[in-house]
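Dear colleague,

Please find the structure below, handed over for your use.

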Amino acid sequence: MKKILWVLVALAAVLFLTMGLRWLVAPEGVAAQLGMPLLDGVGRSAQIGDMGSFFLALGLFIICALTTAKRFWYYPAIALLGLAALSRTIAWLFHGAPLVVDAIVPEILISLLLLFASTRLAEQD
């Protein structure tokens, strides 16, 4: 069971690292995949910088959690994903954005996976 859980968490890390790297080398494709246009000017700099750093940090936090077996490395990744889901919901409730359930559900599920992994894969602190 631990090996399967480790592989699932590692796959999530690879997914996020890949998305982050795509923001740096081929932003047009990943922007389209996420349903957004690639912005121009300063907006493009912010979009690539913010989105790239979000996904790279997320993947790196998960890799740190897996390689060190320290529970606290799971929490930044859980916070990033959980806050992304919360922010999407706030965007829907207060700012006229569509409710993007197909993005919110995976963010919540992966957050729960990471929370579960923090109790099973990490050493006791």
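**Salt bridges**

Lys-70 and Glu-123 form a salt bridge, with their closest N and O atoms 3.6 Å apart; the term denotes a side-chain nitrogen of Lys or Arg within 4 Å of a carboxyl oxygen of Asp or Glu. Because Lys-70 lies in the loop between α3 and α4 and Glu-123 in the segment after α5, this pair ties together parts that are 53 residues apart in sequence. Helices are DSSP runs (H or I, at least four residues), as strands are (E, at least two), and are numbered from the N terminus.

Please note that this is a predicted model, in which local features need pLDDT of at least 70 and side-chain atom pairs count only at pLDDT 80 or more, while totals for chains, interfaces and linings use all residues. Residues are numbered from 1 along each chain as its sequence is written, and side-chain values use heavy atoms, with hydrogens and water left out.

Lys-70 is partly exposed at 32% relative accessibility, and Glu-123 is also partly exposed, with a relative accessible area of 45%. Here buried means under 20% relative accessible area, exposed means over 50%, and partly exposed is in between (1.4 Å probe, protein chains only).

How many salt bridges does a search of the whole structure find? The search finds three. Another of them joins Glu-107 to Arg-88, where the closest N and O atoms are 2.9 Å apart. Glu-107 lies in helix α5 and Arg-88 in helix α4, so the pair ties together parts that are 19 residues apart in sequence. Glu-107 is buried, with a relative accessible area of 9%, whereas Arg-88 is partly exposed at 33%. There is also a salt bridge between the side chains of Arg-44 and Asp-40 (3.1 Å, N to O). Arg-44 is partly exposed, at 31%, and Asp-40 is exposed, at 60%.

**The loop between α3 and α4**

Ala-69 is found in this loop, between α3 and α4. Its phi is near 60°, a positive value in a residue other than glycine. Ala-69 counts as buried, at 17% relative accessibility.

**The nonpolar core**

In soluble globular proteins, nonpolar side chains tend to be buried together. The largest nonpolar core has 26 residues, of which Val-9, Phe-16, Ile-62, Tyr-74 and Leu-114 touch the most other members. Such a core is a set of buried Ala, Val, Leu, Ile, Met, Phe, Trp, Tyr and Cys residues joined through side-chain atoms within 4.5 Å. Two or more residues come from each of α1 (2–25), α2 (27–33), α3 (41–68), α4 (74–95) and α5 (101–120). The most are given by α1, with eight residues.

Leaving aside neighbours within four places in sequence, Tyr-74 is in contact (heavy atoms within 4.5 Å) with residues including Val-9, Ala-65, Leu-66 and Leu-114.

**The largest pocket**

The largest pocket is lined by 20 residues, and Leu-34, Phe-55, Arg-88, Ala-103 and Glu-107 lie nearest its centre. A pocket is an open set of points on a 1 Å grid over the protein atoms alone, where a 1.4 Å probe fits, with protein on both sides within 12 Å along at least five of seven lines; lining residues have an atom within 4 Å of a point. The elements giving two or more residues to the lining are α1, α3, α4 and α5. The largest share, five residues, comes from α5.

Yours sincerely
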